[in-house]
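Biologist: I would like to learn how to read a model like this one, feature by feature. Could we start with the strands?

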Protein chains: 2
Amino acid sequence: MPVDELSAVFAALADPTRRALLTRLEAGDASVAELGSPFAMSQPAISQHLKVLENAGLISRTRVGTARLSHLEPAALKEASEYMERYKRFWNSAFDTLDHALAAYQEQAQAEKETPDD
Amino acid sequence: MPVDELSAVFAALADPTRRALLTRLEAGDASVAELGSPFAMSQPAISQHLKVLENAGLISRTRVGTARLSHLEPAALKEASEYMERYKRFWNSAFDTLDHALAAYQEQAQAEKETPDD
DNA sequence: CTATTCTATAGGCAATTGCTTATGAAATAG
DNA sequence: CTATTTCATAAGCAATTGCCTATAGAATAG
């Protein structure tokens with residue numbers, strides 16, 4: 001259980017089973033048994049994965065009879081999504097090939113300035 | 001070390017120190033010592049974090065003298081970013097309040113159809 | 001060559017993770 | 001009430017993680 005919310009979201013997404021559970025929930029709310037049916041995994045294992053998703057805020061849950069329906073909460077993905085959006089400017093620009101070379105050169109120049117030998 | 005690339009990227013991002021390292025690299029390539037200077041953490045710890053980032057494809061590294069410069073590779077974020085883009089339609093639409101209620105209703109109707117009692 | 005600088009690796013350790021089986025608890029059916 | 005269904009929790013275990021200290025390795029300086 002990471003301290004910050006962003007870490008919790010990324011950690012929750014870092015598991016293929018949990019990502020598959022989220023994908024299933026795109027089609028609508030579902031019970032624990034229904035969510036677990038595609039997996040060769042015990043029911044407690046599914047419950048634990050759902051708990052991780054719930055703690056990350058990625059799902060909410062409500063009782064319906066003896067069942068507990070999981071409900072997708074995509075808003076929790078927003079912060080994480082925006083975090084990565086920042087990097088789009090890096091893969092959409094020439095920064096990768098130009099600015100970094102420049103930055104590296106400037107560091108070299110700075111280092112040589114401290115011990116000038118030319 | 002997760003099996004799939006997407007899991008590796010999310011796992012790498014699920015740590016505040018590693019996210020801070022990436023943020024620092026936005027300003028330009030940097031050595032291990034320079035990257036580690038803001039943290040109350042040993043040099044090996046920084047090297048290990050950098051190894052995680054490298055294995056996830058989020059950075060590359062080159063030798064410059066005795067130093068090893070880390071270089072941001074934002075392309076590795078693209079797949080992860082696109083993964084979450086899918087969910088934008090959920091937080092940009094009425095799906096959250098409407099479609100899910102509908103889906104839940106349909107499941108209920110289906111369940112009652114299997115054991116009709118009205 | 002040796003010494004120095006910068007980084008990686010090895011080994012250890014406590015905490016966490018992802019599973020298991022066994023059991024407990026909540027809601028409904030009869 | 002008891003029995004059944006559905007799910008959560010407990011306890012255990014192997015593997016992983018995130019740190020540490022100590023040491024090894026690579027490149028440069030002299």
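Modeller: Gladly. Two strands pair if DSSP finds at least two bridges between them. Helices (H or I, at least four residues) and strands (E, at least two) are DSSP runs, numbered from the N terminus. In chain B, B:Ile59 stands opposite B:Leu72 of β2(B). β1(B) and β2(B) pair in the antiparallel sense over 6 bridges. One note before we go on: this is a predicted model, where local features need pLDDT of at least 70 and side-chain atom pairs count only at pLDDT 80 or more, while totals for chains, interfaces and linings use all residues. Residues are numbered from 1 along each chain as its sequence is written, and chains are lettered from A and ligands numbered from 1 in the order in which they are written.

Biologist: How many residues lie between the strands in the hairpin of β1(B) and β2(B)?

Modeller: That hairpin has 2 residues between its strands, and B:Gly65 takes a positive phi near 70°. In chain A, β1(A) (residues 59–64) and β2(A) also pair in the antiparallel sense over 6 bridges, with A:Arg68 as the bridge partner of A:Arg63. The hairpin of β1(A) and β2(A) has 2 residues between the strands, and A:Gly65 in the turn has a positive phi of about 70°.

Biologist: What is the order of the elements of chain A from the N terminus on?

Modeller: The order is α-α-α-α-β-β-α-α-α, with 7 helices and 2 strands in chain A.

Biologist: And how do I read burial? What share of the residues of chain A count as buried?

Modeller: A residue is buried if 20 or more other C-beta atoms lie within 10 Å of its own, exposed if 12 or fewer, and partly exposed in between, with C-beta atoms placed from the backbone. Of the 118 residues of chain A, 29% count as buried. In α1(A), the buried residues are A:Ala8, A:Val9, A:Phe10, A:Ala11, A:Ala12 and A:Leu13.

Biologist: Why is A:Leu13 counted as buried?

Modeller: A:Leu13 is buried because 26 other C-beta atoms lie within 10 Å. For its neighbours we need contacts: two residues are in contact if their C-beta atoms, placed from the backbone, lie within 7 Å. Leaving aside neighbours within four places in sequence, A:Leu13 is in contact with A:Arg18, A:Arg19 and B:Phe10. The cover over the buried residues of α1(A) includes α2 (16–26), α4 and α5 (76–85) of chain A, together with α1 of chain B.

Biologist: Which residues of helix α2 of chain B are buried?

Modeller: In α2(B) (residues 16–26) they are B:Arg18, B:Leu21, B:Leu22 and B:Leu25. They cover an arc of only 95° around the axis, which puts them on the same side of α2(B). The arc is that of the directions from the helix axis to the C-beta atoms. These buried residues pack against α1 (5–13), α3, α4, β1 (59–64) and β2 of chain B. Just after α2(B), B:Gly28 takes a positive phi of about 135°.

Biologist: How should I think about the two copies?

Modeller: Two copies of a chain are related by a rotation about an axis and a shift along it. Copies are superposed by least squares on the C-alpha atoms of residues with pLDDT of at least 70 in both. Here chain B can be laid on chain A with an RMSD of 0.0 Å by a turn of 180° and a shift of 0.0 Å along the axis. That is the relation of a two-fold axis.

Biologist: How many residues does each chain bring to the contact?

Modeller: Chain B brings 28 residues and chain A brings 30 residues. On the side of chain B that touches chain A, α5(B) gives the most, with 5 residues. By class, that side has 18 nonpolar, 5 polar and 5 charged residues. Here Ala, Val, Leu, Ile, Met, Phe, Trp, Tyr, Cys and Pro count as nonpolar, Asp, Glu, Lys and Arg as charged, and the others, Gly among them, as polar. As 100% of the interface residues of chain B are also interface residues in chain A, the copies meet through the same surface.

Biologist: Which residues come nearest to DNA strand C?

Modeller: A residue is near a molecule or strand if its C-beta atom, placed from the backbone, lies within 6 Å of it. Of the 25 residues around DNA strand C, A:Ser42, B:Ser31, B:Ala33, B:Pro44 and B:Ser47 come nearest. That surface divides into 11 nonpolar, 10 polar and 4 charged residues. Around DNA strand D there are 24 residues, and A:Ser31, A:Ala33, A:Pro44, A:Ser47 and B:Ala45 come nearest.
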